[in-house]
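Here is a note for a colleague who is meeting this structure for the first time. Please keep the sequence and the 3D view open while reading.

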Amino acid sequence: MGDMSKMEVKTSLLDNMIGVGDMVLLEPLTEKSFIENLRKRFNHNEIYTYIGSVVISINPYRSLPIYTPDKVEEYRNRNFYELSPHIYALADEAYRSLRDQDKDQCILITGESGAGKTEASKLVMSYVAAVCGKGAEVNQVKEQLLQSNPVLEAFGNAKTVRNDNSSRFGKYMDIEFDFKGDPLGGVISNYLLEKSRVVKQPRGERNFHIFYQLLSGASEDMLKKLKLERDFSKYNYLSLDSATVTGVDDASCFRTVKNAMQIVGFMDDETQSVLELVGAVLKLGNIEFKPESRVNEVDESRVKDKNELKEICELLGIDQSVLERAFSFRTVEAKQEKVSTTLNVAQAYYARDALAKNLYSRLFTWLVNRINESIKAQTKKRKKVMGVLDIYGFEIFEENSFEQFIINYCNEKLQQIFIELTLKEEQEEYIREGIEWTHIEYFNNSVICDLIENNTNGIMAMLDEECLRPGTVTDSTFLEKLNQICADHQHFESRMSKSSKFLNDHSLPHNCFRIQHYAGKVLYHVDGFVDKNNDLLYRDLSQAMWKANHSLIKSLFPDGNPAKINLKRPPTAGSQFKASVATLMKNLQTKNPNYIRCIKPNDQKASHIFTDSLVCHQVRYLGLMENVRVRRAGYAFRQPYEACLERYKMLCKQTWPHWRGQARDGVEVLLKDLQIPAEEYSYGRSKIFIRNPRTLFSLEEQRKRRLHGLATLIQKIFRGWKARTHFLLMKSSQVTVAAWYRRYAQQKKYKKTKSSAVIVQSFIRGWKARKILRELKYQKRCKEAVTTIGAYWHGTQARRELKRLKEEARCKHAVDVIWAYWLGLKVRREYRKFFRAHAGKRIYEFTIQRIIQKYFLELKNKMPSMSPCDKTWPARPYLFLDSTHKELRRIFHLWTCKKYRGQFTDQKKAIYKEKLEASEIFKDKKALYPSSVGQPFQGDYLEINKNPRYQKLNSLVEEKIIFADIVNKINRANGKGAQRIFLLTKNKFMLADQKSGHQVKSIVPLAELTSVSMSAQSDGFFALRVKEGTTAAAKGDFLLNSERIIEIITKLHRAGLDLTKEKIQIEITDEFLVQFKQDKVCVKFIQSNPKNGTMASCKRKNNRLLEVTVPSP
Ligand SMILES: Nc1ncnc2c1ncn2[C@@H]1O[C@H](COP(=O)(O)OP(=O)(O)O)[C@@H](O)[C@H]1O
Ligand SMILES: [Mg+2]
């Protein structure tokens, strides 16, 4: 027992407590002791204190070592009151309640500006991220959720006098989880960015962080790209007095932001576009205007220095003239009309600032949407949600304007929901449930909410009304209206209110009104209310932006699309905000709230300073005292009887496992049985109220232990059941297996026996059969032996007989032969005297002669035909006649040839002679020759003496014509041919014109012809060379072409020989010279591809060369 208690070290919020950790335990409870407790704890770095389940957080303004991973582990899965107060305890409670009880949660963080809300929200998020599921995918989701913070803070936070990192927008983030409690994604909603800061900042404050971060952190290269300079003082929109924040390195922040953008999933070009827009906003502030007087005395504004404008246009891809015009004119479109008015300088500045503000706030909204796109849950399954609300805190500045009005209104609403859920709702519930209850007074701020948001006469409604009213509307007309309508309201004060009780109040200037908020009085300057509520951007400007050649800026101004002009006024900024706050409130009411109430210890942003009056003020307006009182008077925990019984019934024998009666009675029995003191609980109508959380925790503890026991029991029974069923299954399996096995074994044994029997049987049968077989074989062999012996015996006898017979026959034959020889011998002896010598030789010769005779006779009968072409010849009968046979064959051939020749006429003989001569000249020398062999030489192809056309020519010649045909005479100038009649007689040859048929061109006596040249190819070109010095030589040699070249040359040759007894020289070569008058020209023959034509063609190549292309065979 002792060991057990040692092991279970119970920690509690009461251990090592500084002051009181839970204000509920504060004794005595006064405002003084309350503040004293806070101060004591704050001085000991205990910045968190509970009021029941509400966490009070005091901003330490320095980093404390209480957010380490060890701390996270310490608070993980521990009961709320188990450890000293910490924001982690609240986060853990909320997360577990979400995961285990399936209740959507919201974490409401309130407090004034600089009280530590944003930090608190980040702590909650990082705690939840640390304790929820792990794994690559989940980690990425977490990382993206966490990294959305630096991005949004850079664009939406700024240094104010209250807070160096003040959120200038409201943020509500839903983190979505799956059933296991693993994060799936998130949705961020943003509320009204304080965009007036873009163009003007109060003294001591800065513009949004991103401007400074960009200028300090961007590389030179990037600045150049964005056409920016590093010097803050160059930009009108950056106030100079507090350009840097102590302890903040804007440059390194810039890198953090860029890195965060990358993690969240911004593409490089998206980041670039965003920075381009930021740069453009900065540069917009530098555009200045100057008046230009017009004739009709209306001032018209002009852009002073166009360089800046030009650069902006280049950066955003806008046509410069369009933007310039939008700064000088304003087009108002009514239903049909379009009126364009000029802007004066003031209006131009207004337009410029409106554009800068709009550009920036639209960019911010785009960023939020873009982040949402990245972090949205990728599943459609049901999600559990934890909402974290970090809205701008209550603000009181020296000069408060529309923005502060909106911010403070929002805080009023949050206070309202706090009151609703903690004070009012709780008290009402006690009454409803009939619990004895003394009412606790608290201030309900719903009156203030009503003053602001009432639909008929609330301040916002009136502002809207004023904005929409026709006629001149100014901020002062708005104030007048307020004065009329709200003057009687207790929380509204103004100089002009009807009662005029403030007429002498000099702290209340004329252009102001004051609202007594739950957190204090705030003086609002009405200047700018109307404009800011209208949030007017001249359509010319939005259209100019829409026309930009920059996808991001274009997408930011869909209202600039002329096709989608909406003549209806857009809802005012105030009404938009009111609507979004209303939806937020509705959303929060559906969730289980967890409160963190942030308190600011001093106004100097200093650590260690605790200003009593300031804290006291916050404690008062936050209603913390009332909160404690209600807690103390009330009960920490309540639950319907059914749920309570269901949860704890296992702690008592009577109620476990089933209670048959009323749930309330069951709970009564249960609590009695557990011996819980009666003052610790009360019975309501439908719920049981437990006063002390500790009671509840002890119940939970017992339940947990009991659950362990029950789990063991269930396990035990289940294990028993499982083992039994398993055993039964095994047993029945065993029986089945055994049966099957036995059957199988018997079958196997039977089969073995059976096959053994068969084998034995077969051996016996075999043995018997073999025995019979042996017997039979023996009998058969005996029979066969008898037959064989018989056969051999017969054989022997037969052979003996045959031998005897043969002997006999031989003896007979020998007798005959001996007898014949004897007779021959006798005859020869008788006739020897009658034979002559040499008779043998004569017989031999006779025989030979007979043989030869026979050979010739046979040859005569087998003679072949007389045709010289017939090569057949009978076969040789005897070898010794071989040479004779061959000789006879030759002689016969010669004889048939001679016979054949003998039939020729003289004319035919001459023809053959000519052919023979042609063969001598051309055979194996000219390729054309073989084709000419079969063609007879006709000589006169033109039939000169018969054809009347040539009558005249014929008469001119007188001699007998040996050859006449048309040839081509080659023109030496171009290698082309001209047709000529070629005539050959026995003394000369002539060339006559073919066209006329009788005009003689040249006559050459054969005696003057020296040589003929031609190629060895299949062409018909030939040159006739004439003896030098003769009359014919004057014209030079002839280069002619004829298909009948073989015939012509043969005839020429023959005639020449007949005439002069000298041979004309015939030269066959592929390259020869021809004398044309004075020049010698070379004729060259070239073989070409037959594709180029089947005819030889002649071409003049140059002065000295004629080239004849001959198709190769
Ligand atoms: N828990 C904390 N630990 C250390 N410093 C804190 C803590 N909470 C707030 N701060 C400091 O106070 C400053 C303002 O806090 P912040 O959360 O931005 O205020 P709010 O959002 O309420 O206006 C922070 O910049 C930080 O320096
Ligand atoms: Mg903040």
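How many of the eight residues of helix α19 (residues 539–546) are buried? Point 1 takes this up.

1. **Helix α19.** This is a predicted model. Six of the eight residues of α19 are buried, so the helix counts as mostly covered. The buried ones are Asp540, Leu541, Ser542, Gln543, Ala544 and Met545. What do they pack against? Their partners are helix α12 (320–328), strand β10 (329–333), helix α13 (345–375) and helix α20 (551–556).

2. **Overall form.** Now step back to the whole protein. It holds 32 helices and 31 strands. Its radius of gyration is 68 Å, whereas the globule rule gives 32 Å for 1113 residues. The protein is therefore more spread out than a compact globule. Along the principal axes, the C-alpha trace spans about 200 × 135 × 50 Å.

3. Of the 1113 residues, 45% are buried. Take the contacts with a separation of 6 or more: 64% of them join residues 24 or more positions apart.

4. **Surface and charge.** The protein carries 180 positive and 132 negative charges.

5. **Aromatic pairs: Tyr409 and Phe577.** The count of aromatic pairs comes to 44. One of them joins Tyr409 and Phe577. Why is this pair called edge-to-face? The ring planes meet at 65°, and a pair with planes over 60 degrees apart counts as edge-to-face. The ring centres are 6.3 Å apart. Tyr409 sits in helix α14 (residues 402–433), and Phe577 in helix α21 (residues 573–589). The pair therefore ties together parts that are 168 residues apart in sequence. Both Tyr409 and Phe577 are buried.

6. **Aromatic pairs: Tyr641 and Tyr683.** Another pair joins Tyr641 and Tyr683. The centres of these rings are 6.4 Å apart. Their planes stand at 35°, so the pair is tilted. Tyr641 belongs to helix α24 (residues 641–648), while Tyr683 belongs to strand β18 (residues 681–683). This pair therefore links parts 42 residues apart in sequence. Are the two residues buried or partly exposed? Tyr641 is buried, at 3% relative accessibility. Tyr683 is partly exposed, at 23%.

7. **An aromatic cluster.** Ring pairs also build a cluster. Its members are Phe402, Phe405, Phe478, Phe492, Phe513, Tyr524 and Phe529.

8. **The loop between α8 and α9.** Look next at the loop between α8 (220–226) and α9 (250–264), where Gly247 lies. Gly247 is exposed, with a relative accessible area of 85%. The C-alpha atoms of Gly247 and Asp164 are 9.9 Å apart in space. In sequence, Gly247 and Asp164 are 83 residues apart. Lys227 is found in the loop between α8 and α9 as well. Its phi is near 60°, a positive value in a residue other than glycine. Lys227 is partly exposed, with a relative accessible area of 27%.

9. **Asn45.** Where is Asn45 found? It is in the loop between α2 (31–43) and β1 (48–51). The phi of Asn45 is positive, near 65°, and the residue is not glycine. At 33% relative accessibility, Asn45 counts as partly exposed.

10. **A cis peptide bond.** Check the bond from Trp656 to Pro657: it is cis, with omega near 0°. Pro657 lies in the loop between α24 and α25 (663–673). Point 6 placed Tyr641 in helix α24.

11. **Asn587.** Return to helix α21, where Asn587 is found. Asn587 is partly exposed, with a relative accessible area of 23%. Which residues does Asn587 contact, leaving aside its neighbours within four places in sequence? They are Tyr172 and Asp174. Asn587 and Gly387 are 200 residues apart in sequence. In space, C-alpha to C-alpha, Asn587 and Gly387 are 9.4 Å apart.

Key: Residues numbered from 1 in each chain as written. Chains lettered and ligands numbered in written order. Predicted model: local features only at pLDDT ≥ 70, side-chain atom pairs only at ≥ 80, totals over all residues. Heavy atoms only, no water. Helix = DSSP H or I, 4+ residues; strand = E, 2+ residues; numbered from the N terminus. Rg over C-alpha atoms; globule rule 2.2 N^0.38 Å. Buried < 20%, exposed > 50% of the residue type's maximum accessible area, 1.4 Å probe, protein only. Contact = heavy atoms within 4.5 Å. Lys, Arg positive; Asp, Glu negative; His and termini not counted. Charge placed at Lys NZ, Arg CZ, Asp CG, Glu CD. Phe/Tyr/Trp six-rings, centres within 6.5 Å; stacked < 30°, edge-to-face > 60°.
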